Each structure stands twice: as C-alpha cells, then as structure tokens.
Amino acid sequence: MAEEILTILERAGEWISLAGIAVILSGFAGAALHYPIDARRRGASAAFSHFKVGLGHALMLGLEILVVADVIETITVEPTYGSLMVLGLLVLIRTFVSWTLTLEVEGRWPWQPEVGE
C-alpha cells in the first residue's frame, strides 16, 4: 500500500512539473503572439513592456508550480541530507528568481505594498 502511494506521488510530481513547464511555455507563446498586435496599437516600447510583464507573470507562476513539484518529488525518495539540501537550494534559487522577477515586472519587492495601497 505504501509503495502504491509513493508511486502515485511520484507521478503527481511529474505531472505537476509538466504543468509548470506548460504554464511557462504558454505564457511565452501568449506574450509573443500579442507582441506584434500591441506593437501596432501602442508602439514598440509599450508593447515590449507589456511583453515583459506577461512573460514575467508566466515565469513567476511556473516557478511556484515547479517548487511544489520539487517538494513532492523530494518526499517520495528516501530522505537523505543530500536530497534535503538539494531541495533547499532549489527553493532558495527559485525564490530569489521569483523576487527579482517581481521587482522587474512590478517595480517593487514582493513584501512591499502595491502602489496605491
């Protein structure tokens, strides 16, 4: 019974990883497809800013989903200090990337209130 649950969790981790990748790819595709339309309507500079924001949001969401997959995949293997250190390092790197993306896209750190609040 325990092995069946671990197998289900392993598969869930794989599917969640694929979902994170799909979010990133679809976000890129959507932003790239809207860029030419926005460039004609708003101009190249505004379209590029809109492209960056769309891509940044897709990357942030995709990274959060990938962190969930990493946690699930880590708990399904035999827990060792090495696997926990790898998980911790992945979470730290992805958190740092997410923070810098928030700063780039929204112009503020994640813990700062949004403008107008």
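Reader: Why is Tyr35 called partly exposed?

Author: In this predicted model, Tyr35 has a relative accessibility of 30%. Buried requires under 20% and exposed over 50%, so Tyr35 at 30% falls in between and counts as partly exposed.

Reader: Why is Phe51 called buried?

Author: The relative accessible area of Phe51 is 17%. Because the limit for buried is under 20%, Phe51 at 17% qualifies as buried.

Reader: What makes the pair of Tyr35 and Phe51 edge-to-face?

Author: The ring centres of Tyr35 and Phe51 are 6.1 Å apart, with the planes at 75°. Tyr35 belongs to helix H1 and Phe51 to helix H2, so the pair ties together parts that are 16 residues apart in sequence.

Reader: How many aromatic pairs does a search of the whole structure find?

Author: The search finds three. One of them joins Phe28 and Phe51, edge-to-face, at 6.3 Å centre to centre and 75° between the planes. Phe28 is in helix H1 and Phe51 in helix H2 (residues 44–76), so this pair links parts that are 23 residues apart in sequence. Phe28, Tyr35, Phe48 and Phe51 form one aromatic cluster.

Reader: Why is Trp15 called exposed?

Author: Trp15 has a relative accessible area of 61%. Exposed means over 50%, so Trp15 is exposed.

Conventions
Residues are numbered from 1 along each chain as its sequence is written. This is a predicted model: local features need pLDDT of at least 70, side-chain atom pairs count only at pLDDT 80 or more; totals for chains, interfaces and linings use all residues. Side-chain values use heavy atoms; hydrogens and water are left out. Buried means under 20% relative accessible area, exposed over 50%, partly exposed in between (1.4 Å probe, protein chains only). Rings of Phe, Tyr and Trp (its six-membered ring) pair if their centres lie within 6.5 Å; planes under 30 degrees apart count as stacked, over 60 as edge-to-face and the rest as tilted. Helices (H or I, at least four residues) and strands (E, at least two) are DSSP runs, numbered from the N terminus.
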